[in-house]
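Visitor: I would like to go through this model term by term. Please tell me what each label rests on.

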Number of protein chains: 2
Amino acid sequence: MRIALDAMGGDRAPQVPVQGALLAAHEGVEVLLVGEEARLREELARHRASLPIHHAPDWIRMAEHATEVRRRRESSIMVAIDLLKRGEVGAVVSMGHTGATMAAALFALGRVKGVERPALLVEFPSQRGRTLLLDGGANADCRPGFLVQFAAMGLAYAEALGLPEAKVGLLSIGEEEGKGNALVLETYPLLRAAFGGRFYGNVEGRDVFLGTVEVVVTDGFTGNVVLKLAEGEAKVLLGWIKEALASSPLARLGALLVRGALRRVKERVDPAQYGAMPLLGVEGAVFVGHGAADALAVKNALLRAKRLVEGGLMDRVRQSLAALHV
Amino acid sequence: MRIALDAMGGDRAPQVPVQGALLAAHEGVEVLLVGEEARLREELARHRASLPIHHAPDWIRMAEHATEVRRRRESSIMVAIDLLKRGEVGAVVSMGHTGATMAAALFALGRVKGVERPALLVEFPSQRGRTLLLDGGANADCRPGFLVQFAAMGLAYAEALGLPEAKVGLLSIGEEEGKGNALVLETYPLLRAAFGGRFYGNVEGRDVFLGTVEVVVTDGFTGNVVLKLAEGEAKVLLGWIKEALASSPLARLGALLVRGALRRVKERVDPAQYGAMPLLGVEGAVFVGHGAADALAVKNALLRAKRLVEGGLMDRVRQSLAALHV
């Protein structure tokens, strides 16, 4: 299975995508670079390496409007999505314009049957492994039915990752049924009816890092706030620790000895570990990364995409949604 | 100015409240303990110390319903709030039942003119000092007007803390006007009209810890998720660092040298530093702490309450709200 990488997407494209693609290729991923052929050849030449290229003369700039994709059929993301639609690749990864990637996927691929709104799935490191949260920001305003569909997609994703026993929790501000905002109060009984024992009930903000459940569902506004807060807090906390370790000669000496141990903690919370977020609910495996992503994130996104598609992600999502409507 | 402490509130009452009250008294706070006189005398005797006591025979247990306060007029929180209403104390602090404290305050004190819904204000440590966020959880569902009032109260609180130049940001999922959910889109122009240049515009989750603005407003659902996520993440991250520092003989040796430096980071993110959250918008200075709070948190809550009330908190809140309706 080949994976198309939008090589023109991201703050430092095509350098970073090409670098990440080479790292992934080295670990056995068949990558197809999509973008301006001449620039990509040049970039590959700098690495004295070779990868297949599919030419796309145009690309969507970060400052442009997402809806541009509708009329820019030769943009790298539209060309990549089109390859996916025609079955020439098994997944698309882009570190470019998130909105444009979502718009392209929705426009060209359409939705999985039973999905009203596709959602972005975000991964957090947790005490028990990882927590999958959706929606990470695709839908600022949600209706209860959307969250039920997010839960179905999140559980399907967990299964494709090898977590068949995953449970889903509803993000709220109290554990008891009856605690929450209007959306949560309406959603709770629907999740109970749809998933029975696989629905854990309400979870709170702290449960994301504690890992109380594998899958957390929330609206895309709350989910995106959570995502950015978690990243910001990790960055600031680790910065304070770095400062503290340089604050005295004794601390600096100790810092030399603990450097390796602390690096492992830093890696554990580094968003690059996850690489990119899947856009679940569109008819194809599409992964969207951060524009500021580094080559490691690109590599991990490609590896993750390969693993999930080989784990039957798309069929699992379709089945999970179909089961909602039996 | 005396401050009434609900000495029966909290998971380990009256031991912890009495201990915290003694620490605060040592730093110059005039504390009045409110609760069952015999138990409080006994507790004080164990410390061979003395503090004034106002007897209250009853108290609201953590598992009871908040509305119990309406018929339990002799409960410690109702008696304390009543002392505040009669002007016998300048503030009330409780580490007890949050809902009961809010209900008692709202019921007995009423709202500041111009306030539709009181809000809880939460403090976060930030790269630039601190970030004040409201609503921390008093109102799960909000209308745009509530958020404008929260902003007025947050700015008044910042002034009472000695931050007259504070700016307010609207928590959203993109910096540009036009990004956000329906509530945010409606609230943005109202904040601009009400606060002009003191309204910074939208801020994102990461800005809470970066300290981009001093005051952040959001609905009580998002605010409470943020609060609990931030606490949970700090706890889990510091736990991982602790584990990492014990992971090898070399790391354990280094850990001895950096222990003091790391303790300062831990203190910086410890919620006990702030002690308790003010309930802003009721006609009196009421502070609500965490049931699991320790004596340090009780002490800090009492010190913070004293400083704020002496800084003219209540008048500033009233003026700030009045200015909204000129």
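Visitor: How many helices and strands are there in chain A?

Guide: Chain A has 11 helices and 11 strands. Both are DSSP runs numbered from the N terminus, a helix being H or I with at least four residues and a strand being E with at least two. This is a predicted model, in which local features need pLDDT of at least 70 and side-chain atom pairs count only at pLDDT 80 or more, while totals for chains, interfaces and linings use all residues. Residues are numbered from 1 along each chain as its sequence is written, chains are lettered from A and ligands numbered from 1 in the order in which they are written, and side-chain values use heavy atoms, with hydrogens and water left out.

Visitor: What makes the radius of gyration of chain A agree with that of a compact globule?

Guide: The rule is 2.2 Å times the number of residues to the power 0.38, and the radius is taken over C-alpha atoms. For 326 residues a compact globule would have a value near 20 Å, and chain A has 20 Å, so the two agree. Along the principal axes, the C-alpha atoms fill a box of roughly 65 × 60 × 35 Å.

Visitor: Which domains is chain A divided into?

Guide: Domain 1 covers 1–115 + 281–314, and domain 2 covers 119–272. The bounds come from an automatic or database domain assignment. Taken over C-alpha atoms, the centres of the two domains are 26 Å apart. In chain A, 15 residues of domain 1 are in contact (heavy atoms within 4.5 Å) with 10 residues of domain 2.

Visitor: Why is A:Trp240 called buried?

Guide: Buried means under 20% relative accessible area, exposed means over 50%, and partly exposed lies in between, with a 1.4 Å probe and protein chains only. A:Trp240 has 3%, so this residue is buried. A:Trp240 belongs to helix H8 (residues 220–245) of chain A. Its contacts, leaving aside neighbours within four places in sequence, are with B:Pro125, B:Ser126, B:Gln127, B:Val265, B:Arg268 and B:Val269. In chain A, buried residues account for 58% of the 326 residues.

Visitor: Why is A:Gly129 called partly exposed?

Guide: The relative accessible area of A:Gly129 is 43%, so the residue falls in the middle class. A:Gly129 is part of strand E6 (residues 129–134) of chain A. A:Leu210 is 81 residues away from A:Gly129 in sequence, yet their C-alpha atoms are 9.1 Å apart.

Visitor: What makes A:Arg48 count as exposed?

Guide: Its relative accessibility is 80%, so A:Arg48 counts as exposed. A:Arg48 sits in the loop between helix H2 (37–46) and strand E3 (53–55) of chain A.

Visitor: What is phi of A:Arg48 near?

Guide: Phi of A:Arg48 is near 50°, a positive value in a residue other than glycine. Most residues other than glycine have a negative phi, and most peptide bonds are trans. In chain B, B:Arg48 also has a positive phi, of about 50°.

Visitor: Which peptide bond is cis in chain A, and which in chain B?

Guide: In chain A, the bond from A:Leu134 to A:Asp135 is cis, with omega near 15°. A:Asp135 lies in the loop between E6 and helix H5 (144–160) of chain A. In chain B, the cis bond joins B:Leu134 and B:Asp135, and omega is about 15°.
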